[in-house]
Amino acid sequence: MLPDPKMKIVQDLVANLSKEEIIWLNGYLSGVASLDRKQESTAANVRKITIAYGTETGNSKKLATSFAARAKKNGIQSKLVSLDQYRLSDLSKEEWFFTIISTQGEGEPPATAKKFYDHLHQENVSLSSVRYGVLALGDTAYPLFCKAGEDVDAQLQRLGAIRVMPLHKLDTDYEVEAENWITSLLDSFNTSAPAAPQVVQTSNTKTKQHYKGKILTTINLNGSGSSKETYHIEIAANGVQYEPGDALGLIPMNSKNVVDKIINLAGADENSPVSYKNTETPLGELLRSRLSVIHLSERVVKKYSEIVQQDIPPTRMDLIDLLRIYPISQPSQFLPIVEALDPITPRLYSIASSPLAHQDEVHLTVAKNTFLLDEQKRNGLCSYYLSQLKEGDDFDFYIHKNQLFKMAPQDKDIIMIGPGTGIAPFRSFVAQRDAEGAEGRSWLFFGDQHFTTDFLYQAEWQNWLQVGALTRMNVAFSRDQDQKLYVQHKLLQHAGELFEWIEGGAYVYICGTKDPMSVDVENTLLQIITEYKQLDESQAMNYLFDMKENGRLLKDVY
Amino acid sequence: MAEQKNLSVVEKIKTASDGLRGTLKESLQDELTGAVREQDHALIKFHGMYEQDDRDLREERALKKLDKLYSFMIRLRIPGGLITPQQWIAAHHIAGNYSTGVIKITTRQTIQLHGILKRDIKPTLKDFNAVTLDSIAACGDVNRNVICSSHPSQSPLHKQIHDYAGKLSEALLPKTRAFYEIWLDEEVLADKKEEIDPLYQDHYLPRKFKIGIAIPPNNDVDVFGNDLGLIAIIENESLLGFNLAIGGGLSSTHGNPSTYPRLATVIGFVPANDKLMKAVYEVLTIQRDFGNRSDRKQARLKYTIDNMGVDVFKTELERRCGFPLGKAMPYQFTERKDYYGWRQSSSGKWHYTIFVENGRVVDDENLALKTALLKVAETGLAQFRFTPNQNLILSDIDELDKNEIEGILNQFGIIEHTDNSSLMRKNSIACVAFNTCPLALAEAQRYLPTLITKIEPLLKKHSLESEEISLRMTGCPNGCGRSPLAEIGFIGTAYGRYNLYLGGDRLGERLNQKFRDNLDEQEILTTLDEVFADYSLNRSSGETLGDFAWRKYFEQQ
């Protein structure tokens, strides 16, 4: 189709490109082909851009920072800002606005981007003078991949903003592609090349490291009489690579028992092939390991009600209950129901082992999540799945890097606050420091319900204290006395020394539930700093903010 | 008073302990373990506590990466085993709040609570202190709880004699204020002159020391099993004084032939006044100065005496007392038992002795004993007396109040329980053993009741069910259950295995002998079946099982 000279340029270009780059180019060109009328070529004389990031794990921030640094090198001044710090009234005045935003589990934006996200969904905002680009981070393992980025991109356009770069959706192995996106954007500023097809699909090559492991052991760490079940799971995986602070990702399987009952209720055949993601998969396997059948979203329940043509109140339900209460009238209704199901979302667990101390192994600390639904005791899918694993079972997983929760250098003091399963990464930290012979001091705060039964890894901490890998440890058991006692109370009890550690440069790590634990802990740190540094509240907040900025206050909360 | 070389570790800990304080305060503050520090382990005994752990859970907890489930046994100091109903009510609630809930009556006439977590020790002791009960010197290398024949009806002089238990206990207490400082938050004295302790000095005794007071003709205290036994001598309804019996002790160690149980030797008579107090005191000082401090297995008074010779010991005692001992006065024991049921003393007061199997006061599916006793205590009409056989006497009840107490006892089936339990069961003793005693090799109190249920048909088969045969089981050879003084004695050797001892007499004046090694339950039952058959056929008239077995199996050898 192309005349020879043009063809040669294309061929020369292609010859120098990597496979990933060619795939990207493919998407890029298709975007160019479907160019929207509103899109303009980028002007050559860009002086100042805004780079706003919405981050949960720190990846977006890391990219945004790199973006800003490279812009600067190209003579472009950039305003780098976290979306939760971004003044929303500035948006309509922006000339060049780029945002890097990640997506959380159910397709939501990160908490730090929530206000911005909501702002975009208002009606009376006009952004007609804004030129923008969105880089979306996500995880293809989730059903609503990069949903927040997609929404932001669509809303900006709906409000009249002009897209100068196509939306780019990135998987967890985002680094190379993200750099390419930044490169091409910066290049476009200089070359006045037309830009911005609507969307560029990510490459499907997965460099995210997947491993096939085997269960070595699973132990319920809670002593008899405890109301909790917390499983210590050891997985053997040769050559597994991770760092302390990283998480393990996995896709839990549905219980065979439940799936068998579903198939039975539907009058279906577990071996009948169903086309899913372009492959034929036996129905049983699909329901067991790919599709979510419990606690279905209201969206799926609604679809179900449409298919079976019955009124079902908008609520979350299990497929098995739907089939029992609102049975299908003919077997042919089942296939569309299966097609309506969401994929099982992966779950992330902070790794509790150290790559140095536990070579070729990954350990997890998993609380079995039981909750009451309609007065029935129910198990969380993933924690239940994990708690049922037996020695020798196959176990597929991947490593999820957590840039925001990295170990401090060996000579630095660390303060670790991790009640409940928040203890997991600190077992990794302390084991790693033990193996390294790190010089920095370490102080661990742990809490749970009862001393006698819920002191997770008690014997290990005692050993690490004895050998000096752990310098101090304080514990709070909430239900061992009339007054509830939590880790923050222990922080207060040792406030003076804690402050000395912090002033001396200690890194502070918080892991566990976001609310109320990490909120209470941060408030307590604020209180301690206010008192001991003799600051007013806003100064103390700045102190904490600086710690965060300098990577000395790190959180892995959920 | 030879210089002792190679002092044992415990000796060094005692001397360095600053009046038994050690690092107990620091130990209490350690959040990461339920235990106290290692060196405090020995010291906490002097405060009436043992650190223990649930041995049933050891394996499971190790797997779960949990430390052992440490807890503490707290044993009270109750000289002569007498408390008020108000004190019993307090003990009832304290047991419920901080321990397993079981109140264990011990063979030393006191009560102990098990399973108290480290953080609950202070509240427990504070609550006991509020009703003037303490646990000072209930364990440790000091004079322990002083026991005395328990039943008020034994003699019109019972109270006068019984009071010596309290007097001796007070006189022989260590002087340190450590107990009050550590557990009751008493202010630390700047001037420690008050603490100067002429008896215990800074090294206490080499080993535990037990005193028992018997009022003949009942040897319910097993007076010859004590380091120091006092036998009350009564003439013309007045207390003349006491025969002194020294060097009793029932413990031994498997496979260590230099350890052995020993009956106390009667060495003379002391009048019942200051001289008695002086003589007892000096027995302790001799043991303090001559006892073995390098080998704790050779440290009891019985070994000191056997090393010195009884005569040398007696001479030393007279020298230290400054007066000679009188010639031992005649006395006779004719029984060794608790008087179950109602009994009236010459004063007109009534007393009811309840059979408490293995001394465990608890509500179970068959008997709400603990609740019943609380109800009785709440009337305020009866005193509570613990017997050296782990039973309980509701005592000193007015004639007018007897019906009310009996009503409660009937309501809860206590009288029926006491009346209907077999004689063998009522004459049995078991120590604590598993799951808390660190020394236990085999079960005792958790197992003996079921074993007796299997022995009872054998007694019936040989028409022996009306014999008052004494049977005692201990989970190790340390003698807490006084097994060496039983007609049928069991000493645990390994889990589910026991050495069987026979030939002890019924009165506690002759030690039993090992008859069979390492029996399991079936072998126990088979052996006893044979012995009972033999006894039933071949005994002479009025011959007890103990005497028969001695004559038949041991004497000729």
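**Figure 1. Secondary structure and overall dimensions of chain A.** Chain A comprises 19 helices and 22 strands in this predicted model. The C-alpha trace of chain A extends over about 80 × 70 × 50 Å along its principal axes. A compact globule of 558 residues would have a radius of gyration near 24 Å, and the 26 Å found for chain A therefore agrees with that expectation. Buried positions make up 41% of the 558 residues of chain A. Among contacts in chain A with a separation of 6 or more, 75% are between residues 24 or more positions apart.

**Figure 2. Confidence along chain A.** The mean pLDDT of chain A is 87, with 91% of its residues at 70 or more. One stretch with pLDDT below 50 covers residues 36-44 of chain A; this stretch has 17 contacts in the model beyond near neighbours in sequence. Residues 200-207 of chain A also stay under 50 in pLDDT, and for them the model has 20 contacts beyond four places in sequence. Where pLDDT is low, predicted coordinates should not be read in detail.

**Figure 3. The annotated span at residues 49-186 of chain A.** An unreviewed UniProt entry assigns the feature "domain: Flavodoxin-like" to residues 49-186 of chain A.

Figure 4. Helix α3 of chain A runs over residues 59-73 and has 15 residues. From its first C-alpha to its last, helix α3 of chain A reaches 21 Å, close to the 21 Å expected at 1.5 Å a residue. Which residues of α3(A) are buried? They are Asn59(A), Ser60(A), Lys61(A), Leu63(A), Ala64(A), Phe67(A), Ala68(A) and Ala71(A). After α3(A) comes Gly75(A), with a positive phi near 80 degrees.

**Figure 5. The contact of chain B with chain A.** Chain B contributes 15 residues to the contact, and chain A contributes 17 residues. On the side of chain B that touches chain A, the largest share, 3 residues, belongs to helix α4 (residues 58-63) of chain B. By residue class, the side of chain B that touches chain A consists of 6 nonpolar, 2 polar and 7 charged residues.

Terms used:
Residues numbered from 1 in each chain as written. Chains lettered and ligands numbered in written order. Predicted model: local features only at pLDDT ≥ 70, side-chain atom pairs only at ≥ 80, totals over all residues. UniProt positions renumbered as here; feature names shortened; annotations may be inferred. Contact = placed C-beta atoms within 7 Å. Helix = DSSP H or I, 4+ residues; strand = E, 2+ residues; numbered from the N terminus. Nonpolar A, V, L, I, M, F, W, Y, C, P; charged D, E, K, R; others polar. Rg over C-alpha atoms; globule rule 2.2 N^0.38 Å. Buried ≥ 20, exposed ≤ 12 C-beta atoms within 10 Å, placed from the backbone. pLDDT = per-residue confidence, 0-100. Expected span 1.5 Å × (residues − 1).
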